[in-house]
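Here is a short report for a reader meeting this structure for the first time. Please look over the sequence and the model before reading on.

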Amino acid sequence: MNTTVTNTPIAKTRSVERIINGQFVMDGAGVRINRVLTGPLQRRLDPFLMLDAFGSDKPGDYIAGFPEHPHRGFETITYMLAGRMRHRDSAGNEGLVTDGGVQWMTAGRGVAHSEMPEQTEGLMEGFQLWLNLPSTDKMMEPWYRDIPREEVPRFTTPDGVTVQVIAGSTHGVAGAVQRAHTEPLYLDLEIPAGVTFEQPLSAGHNAFVYVFRGEAVIEGKGVPQTRMAILDNAPGADGVRIKALAPTRLLVLAGKPLGEPIAQYGPFVMNTQAELVQAVEDFRSGRFA
């Protein structure tokens, strides 16, 4: 994809507030995942609700997939690094997300979907991110989009950093998806050893970095592989500087906080307990899409 890249140097970098190890859990029909962003971090990292990292070349770790299950009140973003995952949902959408592709689903007022591997061997690796919806949009109609690798904007900087822009915009390049309320930034960076990358970040937006290859340093703090660094919201900071100690690949995520109450019951995320009770009743009564 042809892009025109601009560069706005940052004046003051954010620092690392804390390093998160994540929790290995079983989800779906028995898929082993690293839950990097967990429930206790939802308010700190508003509007993000969850980030799962999954990866294995052992079919037993992923072959059972994620059979049909419901969602209401937020968006799910599945980013596949390797492998093939088939999506089907109760709104009639179906798609196949493959290497480098993205599946973006807005559950809105309610949808049931399944995500099942379409492979019996080889590496399956990727991420699923949950992005909250504002109260005004929680009951909107469900929406779905498959974004193949070729439609994810990418560019390479003069010093060799490869940037894929899944959502938001950076260096003058708009990502595949934009959201007005939460203004999410979702980047995949590949940084050569010894190179520093500067990423502007909007003041007041919550932000974090997840390293899944190599090791990075942010303002003197090391971020090892499979660790998440929550970035502080220091006054006057306008971005983050990330230096790779080795060939490194990582995600950068940032978003505008909604500042609304979060009420969650499993796959339903609303603002009040009463809305959760209604969500369960609507699902059981077949009133989802």
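## Basis of the report

This is a predicted model: local features need pLDDT of at least 70, side-chain atom pairs count only at pLDDT 80 or more, and totals for chains, interfaces and linings use all residues. Residues are numbered from 1 along each chain as its sequence is written, and side-chain values use heavy atoms, with hydrogens and water left out.

## The whole chain

The chain has 1 helix and 26 strands. Helices (H or I, at least four residues) and strands (E, at least two) are DSSP runs, numbered from the N terminus. The C-alpha trace spans about 55 × 45 × 35 Å along its principal axes.

Buried residues make up 53% of the 289 residues. Buried means under 20% relative accessible area, exposed over 50%, and partly exposed in between (1.4 Å probe, protein chains only). Of the contacts with a separation of 6 or more, 73% join residues 24 or more positions apart. A contact means heavy atoms within 4.5 Å.

## Helix H1

H1 has 12 residues. From first C-alpha to last, H1 reaches 17 Å, close to the 16 Å expected at 1.5 Å a residue. The expected span is 1.5 Å times one less than the number of residues.

Which residues of H1 are buried? They are Leu276, Ala279, Val280 and Asp282. They cover an arc of only 165 degrees around the axis, so they lie on the same side of H1. The arc is that of the directions from the helix axis to the C-beta atoms. On the other side of H1, Ala274, Val277 and Arg284 are exposed. The cover over the buried residues of H1 includes strand E25 (263-265) and E26. Just after H1, Gly286 takes a positive phi of about 75 degrees.

## Aromatic rings

The structure holds 9 aromatic pairs. Rings of Phe, Tyr and Trp (its six-membered ring) pair if their centres lie within 6.5 Å; planes under 30 degrees apart count as stacked, over 60 as edge-to-face and the rest as tilted. Phe127 and Phe212 form an edge-to-face pair, 5.1 Å centre to centre with 65 degrees between the planes. Phe127 lies in strand E11 (residues 124-132) and Phe212 in strand E19 (residues 206-213), so this pair ties together parts 85 residues apart in sequence. Phe127 is buried at 2% relative accessibility, and Phe212 is buried at 6%.

Phe268 and Phe288 also pair edge-to-face, with centres 5.9 Å apart and planes at 85 degrees. Phe268 is in strand E26 (residues 268-270), while Phe288 is in the segment after helix H1 (273-284), 20 residues apart. Ring pairs also link Tyr79, Phe127, Tyr186, Tyr210 and Phe212 into a cluster.

## Thr162

Thr162 is found in strand E14 (residues 162-167). Thr162 is buried, with a relative accessible area of 18%. Leaving out residues up to four places away in sequence, Thr162 touches Phe155, Thr156, Asp188, Leu189 and Glu190. The C-alpha atoms of Thr162 and Arg249 are separated by 9.3 Å, though the two residues are 87 residues apart along the chain.
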